[in-house]
Structure formats: C-alpha cells, structure tokens
Amino acid sequence: MIRQPSRHCTVELQAVPARIGHVRRIVSAQLRYWRLDALIDPAALGVTELLANVHRHARPSKQCTVELCVLLDQLTVSVHDEDPRLPRIRVAESWETCGRGLALIAALSESWGVRPDGSGKVVWFTLPALTTAPEEVRAVRGCGEPLPQEDARTAAGSHIRIRGTKVG
C-alpha cells in the first residue's frame, strides 16, 4: 500500500528493465491518489525515459531515486543517480533507435534540467498541476526541505523502497 498524503513521494530502486515498469505503475497510482489523473501519461512517459537513461548510462551503479513533489501548481519529477556525468540533448539521426530521451522530456514538460548533486546528478522535469486546492497549497512544504520519514518499506520481492511524508 502506498501512503503519501503530503504530495511528496520518493521511490528508491535499481534501474533495471523489470523495475522500470513497476515504478511507472507506482507513479501512476500516486498521481491518481493525488487526483492528478491528467498528469499520469506525461509523468509516466518522462520517468520511463529518465530511468532508461540511468539503466543505459549510469555508472558505477544503476541505483537511483525517483521523487514526485507537488508544490503550488506544479508537479516536479526528478531522478537522482550516482553518475556525475551530466546528460545533454543531442540530435538523433532518423535511422538511430535511441538518443531522443531528453528531447522527449523537453517536449512533454513545462521545464526540465539537470544539476550536479553530491557524487551524482539529478535530472528533473515539471508539469503543470492546476488541480491543487488553495488549502492544500498552504499545507505543503517546499520540495527541497528535509521531510520526516513516515513510511519506508520494500515492495514484496523487489528492491524498491517507497517513502512518503505526512504534513501537519
């Protein structure tokens, strides 16, 4: 069961193909719980692309953290990995079968970026979340603030850890 009433959810995983579909379902369920159904498809597509990049490029490990955070009228989806190399958009030739992930992120999102973070990096994108009620806006803390841990558990049979926080 996923319990994240605060509009903040973190999923830790190893970015291997079998886990990416599972995280996509977690993201979809979390957005449905937050009543942000209109964001499910772009958020799931974006997180799939970012996790595929971690799987393909991240070194030394494929360990990463996916974070969803709703603040005011915006959903921020970010993926942190342990590889310090910063990705860049490139123009893929029509015959190439890969190399379009960040261009896709840029096209589907309101904004996106990448920043160094400790020994790794964070790649993030934002989507408009205009369904947040004013009373919820006052109750939500900033995405960058340290948050107490309410729930940490490992999904049965996998190495995905979900954390959420309760505000108030």
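Biologist: Which residues of helix α3 are buried?
Modeller: In this predicted model, the buried residues of helix α3, which spans residues 101–108, are Gly101, Leu102, Ile105 and Leu108.

Biologist: Why do they sit on the same side of α3?
Modeller: They cover an arc of only 130° around the axis, and therefore they lie on the same side of α3.

Biologist: And what covers them?
Modeller: The cover of the buried residues of α3 includes α2 (40–57), β4 (111–117) and β5 (120–128).

Biologist: Let us step back. How many helices and strands does the protein have?
Modeller: There are four helices and seven strands. Read from the N terminus, the order of the elements is β-α-α-β-β-α-β-β-α-β-β.

Biologist: How much of the protein counts as buried?
Modeller: The protein has 168 residues, and 41% of them count as buried. The accessible surface of the protein is about 9,100 Å², with 54% of that belonging to carbon and sulfur atoms.

Biologist: What share of the contacts comes from residues 24 or more positions apart?
Modeller: Taking the contacts in the protein with a separation of 6 or more, 65% are between residues 24 or more positions apart.

Biologist: On to the strands. In which sense do β2 and β3 pair?
Modeller: Strand β2 (residues 63–71) and strand β3 (residues 74–81) are antiparallel, and eight bridges pair them. Threonine 65, for example, has histidine 80 in β3 as its bridge partner.

Biologist: What about the hairpin of those two?
Modeller: Two residues lie between the strands in the hairpin of β2 and β3, and leucine 72 there has a positive phi near 55°.

Biologist: How many bridges join β3 to β5?
Modeller: Eight bridges join them, and β3 and β5 run antiparallel. Opposite valine 79 stands valine 123 of β5.

Biologist: What does its side chain make a polar contact with?
Modeller: The side chain of lysine 121 makes a polar contact with the side chain of aspartate 81, at 2.9 Å.

Biologist: Which other residues does lysine 121 touch?
Modeller: Leaving aside residues up to four places away in sequence, lysine 121 touches several residues, including Val79, His80, Arg85, Leu86, Pro87 and Val114. Arginine 85 is 36 residues from lysine 121 along the chain, yet their C-alpha atoms are separated by 7.5 Å.

Key
Residues numbered from 1 in each chain as written. Predicted model: local features only at pLDDT ≥ 70, side-chain atom pairs only at ≥ 80, totals over all residues. Heavy atoms only, no water. Buried < 20%, exposed > 50% of the residue type's maximum accessible area, 1.4 Å probe, protein only. Arc of directions from axis to C-beta. Contact = heavy atoms within 4.5 Å. Areas by Shrake-Rupley, 256 points an atom, 1.4 Å probe, with all protein chains shown as cover. Pairing = 2+ DSSP bridges. Polar contact = N/O pair within 3.5 Å; in protein donor to acceptor, adjacent residues only side chain to side chain.
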